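Open the model in your viewer and keep the sequence panel beside it. This tour goes stop by stop, with something to select at each one.

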Amino acid sequence: MSHDNDGQRFDRLPATADERTVGGRATREEVVDYFADRFGIPPATFDDYTFWEKGAGKIWVYGGEASTPLEIEAIGMTCLRTRQEHWKPTTDFVQRFGRAATACVIDLAPAEARRFAAGADQEIPRWDGDWGYLIAAHDVAGEREPIGVGLYVHGELRSMVPKGRQRDLES
Amino acid sequence: MEPLERYRPIIDDFEDFLAACQRPLGNAVRVNTIKASVDRALAALEAEGLAYEQADWNPRVLDLETDAPGSTWTSFHGFTHGQEEVSAVPPVVLDPQPGERVWDCCAAPGGKATQLAALMDDRGTVVANDNNLGRISALRFNAERLGATSLAVTNEDARNYSLERFEFDEFDRTLVDAPCSCEGTIRKNPDALDNWSEGHVSSVAGIQKGIIRRAIQATREGGTVVYSTCTFAPEENEAVVQHAVDEEDCRVVDFALELEHAPGLTEWDGRSFDSSLEKAARIYPHHNDTGGFFVAKLEVTA
């Protein structure tokens with residue numbers, strides 16, 4: 001039995017494909033595996049969290065208590081876009097959980113980091129890892145800090161920082 | 001400044017008070033410990049060449065020397081959040097603990113709600129509610145930028161709030177940072193007193209009474225409710241708390257606050273209040289060079 005997704009409410013993701021009742025809905029297992037396979041974020045990172053879908057393919061990560069389904073404005077933060085060819089993590093998720101990433105992280109020099117935060121695309125020919133969505137990071141007071149999500153193709157890093165989050169930073 | 005004249009009898013050093021109300025405020029930010037420890041946030045500010053001063057009463061509150069506090073890496077990363085110094089007081093007085101269920105019933109734009117989540121190490125449940133849909137988007141934006149994953153956002157009138165949607169039926173603690181006449185924000189917003197009238201004070205007090213009553217009803221016995229406003233009007237402060245004490249099962253309790261303040265009033269305009277109202281705090285702009293605030297702490301009784 002398969003239902004359509006109701007985009008107006010929050011539904012908790014099924015644990016695995018066996019428990020899926022809504023067509024096309026990602027499972028918790030797939031989401032956790034994606035973060036582990038793509039970015040090396042350990043699955044245990046999410047042990048205390050639940051994942052939810054509201055809107056078509058918009059996945060939310062939440063640490064509080066709630067019953068499913070749920071009709072409210074928001075829970076936790078949006079973390080991932082599914083229901084498209086390539087899944088895409090959000091800037092806010094990457095800033096919150098991206099420190100745990102060990103793969104597909106591109107380190108930017110200060111000027112590159114500023115351009116990225118301002119939303120600019122830039123030629124960065126030195127990346128020899130996988131193409132696709134990467135975590136862009138820079139050095140903050142001696143430690144690596146994720147800035148947001150970039151799309152890397154054909155030697156170009158496109159900033160995926162949403163308009164409302166873009167900033168012109170001075171230094 | 002004329003509406004403030006009515007407070008001449010109750011405020012010490014009234015001329016100092018008026019003078020302070022005319023001075024602009026600096027740029028205060030709160031360190032968001034969900035994203036960074038205080039040490040790391042300070043190191044990041046130093047790396048950016050930004051000077052700061054930590055508040056004596058709270059190492060997480062900083063006065064930042066910059067004209068553009070939103071255009072810094074620390075802000076972009078959510079290490080810091082622009083929030084007035086006195087506005088950081090009510091969540092500290094509420095003192096939420098990791099794992100608890102906490103309600104912020106008038107939460108937008110989210111500075112205090114995210115501060116509550118941070119004080120709980122982002123573990124537990126913070127229900128951030130606001131009745132104004134337009135302000136909800138600012139609340140959501142701030143919650144996500146600051147990385148609060150324990151926060152659920154609802155859009156209801158707090159006066160008749162239902163918990164049916166959740167798996168629990170009462171909160172451990174509730175913050176009522178009530179909509180008010182905002183007299184205490186005059187240093188940030190010079191227009192704050194433009195629409196002042198006794199009629200406005202009286203109508204907003206009616207709403208405040210409805211919200212504080214629902215907050216007490218929705219909080220468990222032994223739980224805590226903090227009532228705060230950014231105004232000086234006793235009609236919106238002591239009188240509202242007095243109404244709550246009269247109508248609901250609760251009592252006013254003491255709290256420590258290492259910020260200079262005056263006690264709550266036991267008398268205003270020919271009306272007297274319960275002596276326990278002295279346990280509330282009136283924070284005036286000339287005391288600590290901040291905005292103005294009122295804070296009262298209540299314990300829910302049987």
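**Stop 1: a pair of strands in chain A**

Select strand β8 (residues 122-123) and strand β11 (residues 156-159) of chain A: they pair in the antiparallel sense over two bridges. Strands here are DSSP runs (E, at least two residues), helices are DSSP runs too (H or I, at least four residues), and both are numbered from the N terminus. Two strands count as paired if DSSP finds at least two bridges between them. Pick Glu123(A); its bridge partner in β11(A) is Glu156(A).

A word on the ground rules. This is a predicted model, where local features need pLDDT of at least 70 and side-chain atom pairs count only at pLDDT 80 or more, while totals for chains, interfaces and linings use all residues. Residues are numbered from 1 along each chain as its sequence is written, chains are lettered from A and ligands numbered from 1 in the order in which they are written, and side-chain values use heavy atoms, with hydrogens and water left out.

**Stop 2**

**Stop 3: the open sheet**

Now colour five strands of chain A. They form an open sheet in the order β1-β2-β3-β5-β6, with antiparallel pairing. β1 (11-12) and β6 (88-89) of chain A are the edge strands, each pairing on one side only. Zoom in on strand β2 (residues 50-53) of chain A, joined to β3(A) by four bridges. Thr50(A) stands opposite Tyr62(A) there.

**Stop 4: all of chain A**

Zoom out. Chain A has three helices and 11 strands. Its radius of gyration (taken over C-alpha atoms) is 17 Å, close to the 16 Å that the globule rule gives for 171 residues, so chain A is as compact as a globular protein of that length. That rule is 2.2 Å times the number of residues to the power 0.38. The C-alpha trace spans about 50 × 30 × 25 Å along its principal axes.

**Stop 5: a salt bridge inside the chain**

Show the side chains of Arg38(A) and Asp130(A), which meet in a salt bridge (3.9 Å, N to O). Arg38(A) lies in helix α1 (residues 28-39) and Asp130(A) in the loop between β8 and β9 of chain A, so the pair ties together parts that are 92 residues apart in sequence. A salt bridge is a side-chain nitrogen of Lys or Arg within 4 Å of a carboxyl oxygen of Asp or Glu.

**Stop 6: where chain A meets chain B**

Which residues make the contact? Select 44 residues from chain A and 37 residues from chain B; contact means heavy atoms within 4.5 Å. Glu65(A), Glu73(A) and Arg96(A) supply 20% of the area that chain A buries against chain B, more than any other three residues. Together the chains bury about 3,300 Å², 52% of it on carbon and sulfur atoms. Buried area is the accessible area (1.4 Å probe) that two parts lose on being put together, summed over both.

Four salt bridges link the two chains. One of them joins Glu145(A) and Arg40(B) (2.8 Å, N to O). β10(A) gives the most to the side of chain A that touches chain B, with five residues.

Finish on β4(A): two bridges join it, antiparallel, to strand β7 (residues 151-154) of chain B. Ile75(A) stands opposite Ala152(B).
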